[in-house]
Amino acid sequence: MSTPYLVYVNSKIIDSHLEEASYDQWYQKFHIPDILKSGSVSKARWYRAVQVENDRPWLALYDCHDFEFMTNPEKLNAIPKTHPLLTVGKKVWEVASFDMRHYELQTHNDIFSELENGKRPDPLI
């Protein structure tokens with residue numbers, strides 16, 4: 001069984017012509033579904049910072065069971081990098097800045113399944 005990974009992608013718009021609503025719509029309706037179609041990512045979550053002063057207000061978290069996906073140019077190139085909702089003629093990295101990090105799961109404590117079985121789980125510290 002492969003080790004689960006969490007892919008953290010924090011972003012901000014850097015092109016003044018790209019509206020936040022367009023970026024948000026592109027990410028939710030097109031980019032995330034394209035990534036899920038890859039078969040390497042099982043779940044995606046999309047967040048907006050509640051602090052207005054946040055330098056990178058957008059956060060995507062992906063549950064990834066195939067880390068090769070992140071290092072395989074063929075798989076990465078299959079994900080579209082342009083879209084009419086983004087600034088016309090530009091690739092996504094030309095209109096937004098990304099901070100991407102990869103995390104390998106170290107421990108798993110499924111409190112809900114243990115509670116259903118009448119056990120009290122050991123706390124993680």
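How many of the seven residues of strand β3 (residues 58-64) are buried?

Tutor: Six of the seven residues of β3 are buried, and the strand is thus mostly covered. This is a predicted model, in which local features need pLDDT of at least 70 and side-chain atom pairs count only at pLDDT 80 or more, while totals for chains, interfaces and linings use all residues. Residues are numbered from 1 along each chain as its sequence is written, and side-chain values use heavy atoms, with hydrogens and water left out.

Buried means under 20% relative accessible area, exposed over 50%, and partly exposed in between, with a 1.4 Å probe and protein chains only. Across the protein, buried residues make up 29% of the 125 residues. Helices (H or I, at least four residues) and strands (E, at least two) are DSSP runs numbered from the N terminus. There are five helices and four strands, in the order β-α-β-β-α-α-α-β-α from the N terminus.

The pairing of β3 comes next; two strands pair if DSSP finds at least two bridges between them. β3 is antiparallel to β1 (residues 5-13), with seven bridges, and also antiparallel to β2 (residues 41-48), again with seven bridges. C64 of β3 stands opposite Y5 and also opposite V41.

Apart from neighbours within four places in sequence, F69 is in contact with I35, S38, S40, V41, C64, K75, L76 and I79. F69 also belongs to the largest nonpolar core, where Y23, Y27, W46, Y62, F69 and L86 touch the most other members among 21 residues. Such a core is a set of buried Ala, Val, Leu, Ile, Met, Phe, Trp, Tyr and Cys residues joined through side-chain atoms within 4.5 Å. β1, α1, β2, β3, α2 and α4 each give two or more residues to this core, and α1 gives the most, with five. In soluble globular proteins, nonpolar side chains tend to be buried together.

H31 touches W26, Y62 and I79, residues up to four places away in sequence not being counted. H31 is buried because its relative accessible area is 11%.

The pockets complete the picture. On a 1 Å grid over the protein atoms alone, a cavity is a set of points where a 1.4 Å probe fits but cannot get out, whereas a pocket is an open set with protein on both sides within 12 Å along at least five of seven lines; lining residues have an atom within 4 Å of a point. Grid points are joined across faces, edges and corners, and a volume is the space filled by probe spheres set on the points.

The second largest pocket, of about 180 Å³, has C64 in its lining, together with residues including Y5, D63 and H65. β1, β2, β3 and β4 each give two or more residues to that lining. The largest pocket holds about 360 Å³; H31, I35, L76, K81 and M100 lie nearest its centre among 17 lining residues. Of the elements, α1 supplies the largest share of this lining, four residues.

Technical notes: Contact means heavy atoms within 4.5 Å.
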